[in-house]
Amino acid sequence: MTSERPRHNFTFVLGPEQLLTQELIESILEACDDALVGSRDRLALVEFDREGPTFAQAVVGALRQLESVEGVRVVRVEPDELVGLTAIAARLGRSVESVRLLAAGKRGPGGFPAPAARVDAKTRLWEWSAVARWWHDELGGDAARPLAESADFLASLNDALDLRARAGRLSEGERQTLAAIVGEAAIL
Amino acid sequence: MADGGGDLLLKISNTSATVADRHPSKEIREALAFAERHGWRVEKSKGGRSKNWGTMKCPNPDRCWFTINSTPREPHAEADRLKRNVIRCETRNR
């Protein structure tokens, strides 16, 4: 089954699009030959589809690899809002076939959200927020746990990146106070 | 190289071939054709860059653009990413 190695999609924001010089684009593509580099809303973005046992492992692996490029500093991670069946399956912790049946109404309570777009005959895309809402409302409870865990991880990772970006503007004392708080939380 | 140039001339004079037809991967050529049908502009980068094949730009001025890898690890995955971003841009702007 293809569902054994789930593929996770996410986008790193690097900062203003002016950061993306020809040299930097070339270096990023050299380091990560599965990265899509570009700009939306004048923000420099690098998008990945990565295989990995968990969303967190896939994101952290790509983050380290990307930041090994000189001059690259990730400021934020965004999960993809427009997702295909494979990505939905990975996020819900289900097989692709099971999600295909849910979407077709051949399994589960029915009422799966309509696709937001159709790329071609084989590829349909859904808005993740609509799917997640349906999943929670119709099939809530324990089944939703993998999803909630990756949402918590993502929010915490973004907080950590934010903290890292601000750390340079804090005094030594302020930094120590924060390090103690974060350190306690990490140990707990 | 001389052969390639001849082919290219033939293509340009025969059909409505665009710069997108010059990408080495069939799957990426299809994704670029998809982007062009949706109004995107595909430009080949100048100079001897090895990885950065070119850029595709959305029809909304200054909104989004993506670079096209000349040798992505998985051409079909890169093609999917390119197509997905065309759709993403359209759904955001409708």
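**Strand pairing within chain A**

In this predicted model, strand S1 of chain A, which spans residues 7-16, pairs with strand S3 of chain A, residues 43-51, in the antiparallel sense and over nine bridges. Within this pairing, A:His8 of chain A has A:Arg50 in S3(A) as its bridge partner.

**A sheet built from both chains**

The pairing of S1(A) with S3(A) belongs to an open sheet of seven strands, whose order is S4(A)-S1(A)-S3(A)-S2(A)-S3(B)-S2(B)-S1(B) and whose pairing is antiparallel. The edges of the sheet are formed by strand S4 (76-79) of chain A and strand S1 (41-44) of chain B, each of which pairs on one side only. On average, and with direction ignored, neighbouring strands of this sheet are turned by 25° against each other.

Strand S2 of chain A, residues 35-40, and S3(B) run antiparallel and are joined by two bridges. One residue pair can be named here, for A:Ser39 has B:Trp65 in S3(B) as its bridge partner.

**Contacts between the chains**

Between the two chains, 20 residues of chain B are in contact with 19 residues of chain A. On the side of chain B that touches chain A, S3 and helix H3 (75-93) of chain B each supply at least two residues, and H3(B) gives the most, with eight residues. The residues of this side of chain B divide into six nonpolar, five polar and nine charged.

**A helix across the strands of chain B**

Helix H2 of chain B, residues 26-37, lies across S1, strand S2 (52-57) and strand S3 (65-69) of chain B, and runs at about 135° to S1(B).

Conventions. Residues are numbered from 1 along each chain as its sequence is written. Chains are lettered from A and ligands numbered from 1 in the order in which they are written. This is a predicted model: local features need pLDDT of at least 70, side-chain atom pairs count only at pLDDT 80 or more; totals for chains, interfaces and linings use all residues. Two strands pair if DSSP finds at least two bridges between them. Helices (H or I, at least four residues) and strands (E, at least two) are DSSP runs, numbered from the N terminus. Axes are lines fitted to C-alpha atoms, for helices over the stretch in contact, and angles run from 0 to 180 degrees between N-to-C directions. Two residues are in contact if their C-beta atoms, placed from the backbone, lie within 7 Å. Ala, Val, Leu, Ile, Met, Phe, Trp, Tyr, Cys and Pro count as nonpolar, Asp, Glu, Lys and Arg as charged, and the others, Gly among them, as polar.
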